[in-house]
Amino acid sequence: MILFSSLEKMCDGKVLQLFNDHPVQDLFIDSRKSVLTQQSVFFAIAGDRHNGHHYISGLYKAGTRQFVVEENINASQFPEANFLLVKSSRKALQMLAAYNRKSCNIPVIGITGSNGKTIIKEWLFQLLPDLKIVKNPGSYNSQVGVPLSVWNMHPHHELGIFEAGISRPGEMENLEKIIQPTIGIFSNIGSAHDEGFSDQQEKVREKLKLFTRTEILVCSADQPQLLEEINKTKLKTLTWGFNSGAHFQVSQRENKFLLKSHKEEFEITLPFSDKASVENILHCIVILRYLNYSPQIIQERIHRLRSVPMRLELKQGINNCQVIDDSYNNDLAGLQVGLDFLGSLPNKKTVILSDVLQSGLDDEALVPRISELLAQSGIDRFIAIGKILFEQQQKFDNLRCQRSFYRSTEDALSQFNWDDLNRETILVKGARSFQFERITARIQRKIHGTRMEIDLNKMVHNLNFFKSRLNPGVKVMVMVKAFAYGSGSEEVASLLQYHKVDYLGVAYADEGIELRKSQIHLPIMVMNPTEESFSAIISNNLEPVIYSVEIFNALLEYLQGNRCRIHLEIETGMHRLGLEQDNLEEVISHLKQNKNISIASIFSHLAGADDSNHDEYSSRQMERFESAYEKISSELNVRPIRHILNSSGILRFPYFQMDMVRLGIGLYGVNPTEESFDQLQPVATLKTVISQIKNIKEGESVGYGRWGKAVHDMKIATIAIGYADGFSRSFSKGAGSVLINGKRAPVFGNVCMDMTMVDITEIEAKEGDEVIVFGEGLTIHEVAGNAKTIPYEILTSTSERVKRIFFTDSF
């Protein structure tokens, strides 16, 4: 445990004020992503666009009590806070992360290169499900992203996987001290960030500094410039390549790849054939062989590999086009990757390209190189945007395709006839400053179907809001049952694990098993275990709830003396599941005789925590629980965790918090009480689209059973959601409404299985327009009221066939 006072030595700083020497647990630099506990430390960084010191006052009011600063602060304004003054908050963050890395003696894979770092990292994570892995979230590979990631490393982890990116000399030494990789991967070398170095050789040398302590470096032998610099070092390599000289010689026959070394040869079938994906997966295959995974296991896991949504994302476009959205950045290596992907797809091929700003070449050398790449790709249309391309358009005369040139994105948007694009596959490749997302929005098809959007930033906000209401030391269990209240269990659990909640709760064992498959290592309580699930519970290190003597006896018979952690549920007035007072003696007797059983927690449920009319009943439940807890703990001489509060209880009964609380629907921004808590932010928005619009005459009918009958001429929209998606039939015949262009459109007729008709007679709308089922402007509370149910049911009823889209800010 690291105390705040010890940071003075670790971070080469001076303590300005020490109110309470709290442990250091969570580190953050972004006030929007704060983890509001007394163990949190905010590193205030004075950046070019934002100065973290300006947010200290707001964070203090919100509950943050520990700060590392690089500017003089009047600490007396924050009397209950700890302050450490350092020369550089960024450097202090790096030093602290490096200290944490030294305390964890585990192998670490470090990844650098120009392209593919994040894909390789995420694929390795998927390919090694048997290991407890810590890694960068997303692409946190910067001077602050890396230390924040490595801080999450703990001795229980079995492997670390961290990517590192740099943009100028001197940065990699900092990251090497933090990551200290034992195994290295150099993905490739391209022109990204060339402008920060004197030449590419310098950039390669700087990136290689990540591997000064590695036992092995995996790289492609088909990169002569990279190998030339590696050969000047003493680094031990393990290479693969299609050319001769590699440790693993690779040959390809369609999507089958033969890898041959002097010790072995084996064949791997890949589910893709584009150059970028093949290059990324070959790095992963060599790493797994180095870690002694058999080719058979590697093949099995590759078959289960899921795509990682990154810069190249294929979307539906207007007029039966497909759009490759790579509007994130633009460099020559990335352009080659994009063109390779474009070449693997059908239809006519169009490239929309901005000036290349990170090539390291002057314009005279750059433009012919771009022209050469485009000519080799055999494209059918070229739309060039930017001053350099516009002024040198004659250098593209070698292209046998339609060509259009514009000085700016604005000119292109206003002057090009975008509706001319028809049945084309379009690569959109632009430097960030050109704002090519505006072009993507113009040519992307608006009909995306039904989707639930989950705002992870708001989820973290809600988590911190509930944490801020807890007494010091109170733990948090988050319920992720029922597909995480419809929001997606795996994604939500990963976020919660990253933000260090203490426990997860699920309804059934299969939910917990899926979380274990997704690398969730937090303790997981199973609310409704069955005899048939005991084997899976034990093998997946899940913790069953004992709610009856019968289920306890069955578990004891199954265990046969093997160890197990359990949770005891006490009946105090909910009258659902739980041990009755009369059962306690028998349970205590069993526990005395079976020392292999340990009690993780004892808990109960308040039946009316959301309603003040039941407060007296809640108090009586609390008294019954305390009595049962004292009886069990005193007779067994143990003090397990106690918990009784759900989301409603956390908001209304601070004096019942005990040792832990159970956060459920509140995490998703739903206020389950009768009182007002404006701080909660709704997390989920359910959206669909208008599939078709029809005008119907007076007397005509709509839908099955002809229940929708027009009493006057009407305009009806069919929207792409029905009861199979979770849009209940109880919304039929005007009981429910949706929001279209800011106006409510009532349901007309009956809700069908896959679609619903709504009345838009008084609404200006067109096919493809977005429809909000619940979200901003139409709250889930209102929607639930229309169905005469509760928000819980609305959220959890949303079918898993509805695509969940998660979004968050990143570094």
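Predicted model: local features only at pLDDT ≥ 70, side-chain atom pairs only at ≥ 80, totals over all residues.
Figure 1. Strands β4 (residues 66-69) and β5 are joined by four bridges in the parallel sense. Strand β1 (residues 14-17), by contrast, pairs with β5 (residues 82-85) in the antiparallel sense, over three bridges.

Figure 2. The strands follow the order β1-β5-β4-β3-β2 in an open sheet with mixed pairing. Strands β1 and β2 (26-28) form the edges, each pairing on one side only. From one strand to the next, the twist averages 25°. Helix α3 (residues 89-102) lies across β2, β3 (40-43) and β4, and runs at about 140° to β3. In a regular strand, side chains alternate between the two faces of the sheet.

Figure 3. Glutamate 279 is located in helix α9, which spans residues 275-290. This glutamate is buried yet has no salt bridge. The nearest side chain of opposite charge belongs to lysine 275, 5.7 Å away; a salt bridge requires a side-chain nitrogen of Lys or Arg within 4 Å of a carboxyl oxygen of Asp or Glu. When residues up to four places away in sequence are not counted, glutamate 279 touches Ser187, Asn188 and Trp240.

**Figure 4. Nonpolar cores and the contacts of isoleucine 740.** The largest nonpolar core comprises 115 residues, of which Leu504, Leu568, Ile740 and Phe774 touch the most other members. Helix α21 (residues 549-559) gives the most to this core, contributing seven residues. Leaving aside neighbours within four places in sequence, isoleucine 740 is in contact with Ile690, Ala745, Val758, Ile760, Ile763, Ala765, Glu770 and Val771. Apart from this core lies another, of 39 residues, with Ile120, Leu127, Ile161 and Val286 among them. In soluble globular proteins, nonpolar side chains tend to be buried together.

**Figure 5. Salt bridge between aspartate 130 and arginine 301.** The whole structure contains 39 salt bridges. In the one formed by aspartate 130 and arginine 301, the closest N and O atoms are 3.2 Å apart. Because aspartate 130 lies in the loop between α4 (117-127) and β7 (133-135), and arginine 301 in helix α10 (residues 295-303), the pair ties together parts that are 171 residues apart in sequence. Aspartate 130 has 42% relative accessibility and therefore counts as partly exposed, whereas arginine 301, at 13%, counts as buried.

Figure 6. Glutamate 171 forms a salt bridge with arginine 168, with 3.1 Å between the closest N and O atoms. Glutamate 171 counts as buried at 12% relative accessibility, while arginine 168 is partly exposed, with a relative accessible area of 47%. The salt bridge of arginine 744 with glutamate 782 has its closest N and O atoms 2.7 Å apart. Arginine 744 belongs to strand β35 (residues 743-746) and glutamate 782 to helix α25 (residues 780-786), so this pair ties together parts that are 38 residues apart in sequence. Both are partly exposed: arginine 744 has a relative accessible area of 41%, and glutamate 782 has 31% relative accessibility.

Note on methods. Residues numbered from 1 in each chain as written. Heavy atoms only, no water. Helix = DSSP H or I, 4+ residues; strand = E, 2+ residues; numbered from the N terminus. Buried < 20%, exposed > 50% of the residue type's maximum accessible area, 1.4 Å probe, protein only. Lys, Arg positive; Asp, Glu negative; His and termini not counted. Contact = heavy atoms within 4.5 Å. Core = buried A, V, L, I, M, F, W, Y, C linked by side-chain atoms within 4.5 Å. Pairing = 2+ DSSP bridges. Axes fitted to C-alpha atoms, helices over the stretch in contact; angles between N-to-C directions.
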